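Let's take a friendly walk through some aromatic rings and a few backbone details. Please have the model open as you read.

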Amino acid sequence: MAALRRLVGHNPNLSYTSLLPPTLLICSRGIASKLFVGGLSFYTNDKGLSEAFSQYGQVVEAKVVMDRVSDRSKGFGFVTFASEDEAQKALTEMNGKALNGRVVFVDYAKPKSDFGGGIPIARGPPEPKDDSQVLI
């Protein structure tokens, strides 16, 4: 951070917050509120989601969740606002409204939890069996 401040200090056109990714600002400041948006049309993209919610406040990030295999929308996404007041206003105004021909529902995003899924850890080949203990 100190190196960023020194770099920006010499250039009046830059602020050090503009060089950081939005998620880092959210974590370090704790000022943003994230909303879950469900029921999205499969044709809604990040830009369309951001434009729809930007009328209620400053959208820091809008992300439609995509399926890795088919590369299609999963029908839900997340919108992060710069303040809790803006997020609350967007929640009350957009919940139950139509967006791209589909009625969307909006709620506060829940913290991500680990479900223990994923790829199992390979443990190597199975141990050889001892034939001397086999009864015939």
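One aromatic cluster is formed by F36, F76, F78 and F105. This is a predicted model, where local features need pLDDT of at least 70, side-chain atom pairs count only at pLDDT 80 or more, and totals for chains, interfaces and linings use all residues. Residues are numbered from 1 along each chain as its sequence is written, and side-chain values use heavy atoms, with hydrogens and water left out.

Searching the whole structure gives five aromatic pairs (Phe, Tyr or Trp rings, the six-membered one for Trp, with centres within 6.5 Å; stacked under 30 degrees between planes, edge-to-face over 60, tilted for the rest). Among them are these two:

| Pair | Centre to centre | Plane angle | Class |
|---|---|---|---|
| F36 and F76 | 5.6 Å | 35° | tilted |
| F36 and F105 | 5.9 Å | 50° | tilted |

F36 lies in strand β1 and F105 in strand β6 (residues 105-108), so their pair ties together parts 69 residues apart in sequence. Strands here are DSSP runs of E with at least two residues, numbered from the N terminus. F105 is partly exposed at 45% relative accessible area (buried is under 20%, exposed over 50%, partly exposed in between, with a 1.4 Å probe and protein chains only).

Finally, the backbone: D71, not a glycine, has a positive phi of about 60° and is found in the loop between β2 (59-66) and β3 (73-81).

Definitions and conventions. Helix = DSSP H or I, 4+ residues; strand = E, 2+ residues; numbered from the N terminus.
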